[in-house]
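Subject: Structure handover, with notes on one helix and a pocket

Dear colleague,

I am passing on the structure below, followed by some notes on what was found in it. Please read them with the model open beside you.

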Amino acid sequence: MELGKEQILSSILDSLPYRVVFVDTNHIIRYMNREAKYHYYQVRGYSDLIGHSIFECHNEKSKEALIAAVEKLKKHGNEIYLGVSVRNERKYINPVRNEQGELIGYFERFEMNLQK
């Protein structure tokens with residue numbers, strides 16, 4: 001069975017046990033892995049978010065933090081710590097760059113916060 005590059009990458013991302021939501025530089029959601037779809041659709045009750053603004057599922061404070069973080073990423077910044085989520089997860093924003101090093105989007109990464 002021959003698999004295309006896109007199908008391979010999607011399968012890899014679907015195998016991860018945490019949420020991956022890729023957002024372009026206009027803050028439009030372009031991709032969600034299986035865990036992200038489950039979390040946002042089943043747990044949080046949103047409908048299809050792909051093609052919509054990431055801000056449709058963030059409050060005003062989170063929106064401001066994301067905009068500020070993306071501005072830092074545009075200046076060739078690396079991963080940025082955003083704080084702790086209501087689910088007690090550490091949140092990071094990660095840049096995604098093309099071969100020329102230009103920012104084409106970002107994704108948030110969540111880690112369980114085991115400290116009490």
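In these notes a residue is buried at under 20% relative accessible area, exposed at over 50% and partly exposed in between, with a 1.4 Å probe and protein chains only. The model is predicted, so to speak, by record: local features need pLDDT of at least 70, side-chain atom pairs count only at pLDDT 80 or more, and totals for chains, interfaces and linings use all residues. Residues are numbered from 1 along each chain as its sequence is written, and side-chain values use heavy atoms, leaving out hydrogens and water.Helix α3 covers residues 60-74, where helices are DSSP runs of H or I with at least four residues and strands are runs of E with at least two, numbered from the N terminus. On the side of α3 away from its buried residues, K61, E64 and K72 are exposed, whereas L66, A69, V70 and L73 are buried. Seen down the axis of α3, these buried residues fall within an arc of 100° (taken from the directions from the axis to the C-beta atoms), so they line one face of the helix. Their cover includes β3 (80-84), β4 (89-97) and β5 (103-112), counting heavy atoms within 4.5 Å as a contact.

After α3 comes H76, with a positive phi near 65°.

The largest pocket has a volume of about 500 Å³; on a 1 Å grid over the protein atoms alone, a pocket is an open set of points with protein on both sides within 12 Å along at least five of seven lines, and lining residues have an atom within 4 Å of a point. Of its 21 lining residues, H58, S62, S85, V86 and K91 are the closest to the centre. The helix α3 gives the most to this lining, with four residues.

Best regards

Technical notes. The expected span of a helix is 1.5 Å times one less than its number of residues. On a 1 Å grid over the protein atoms alone, a cavity is a set of points where a 1.4 Å probe fits but cannot get out, and a pocket is an open set with protein on both sides within 12 Å along at least five of seven lines; lining residues have an atom within 4 Å of a point. Grid points are joined across faces, edges and corners, and a volume is the space filled by probe spheres set on the points.
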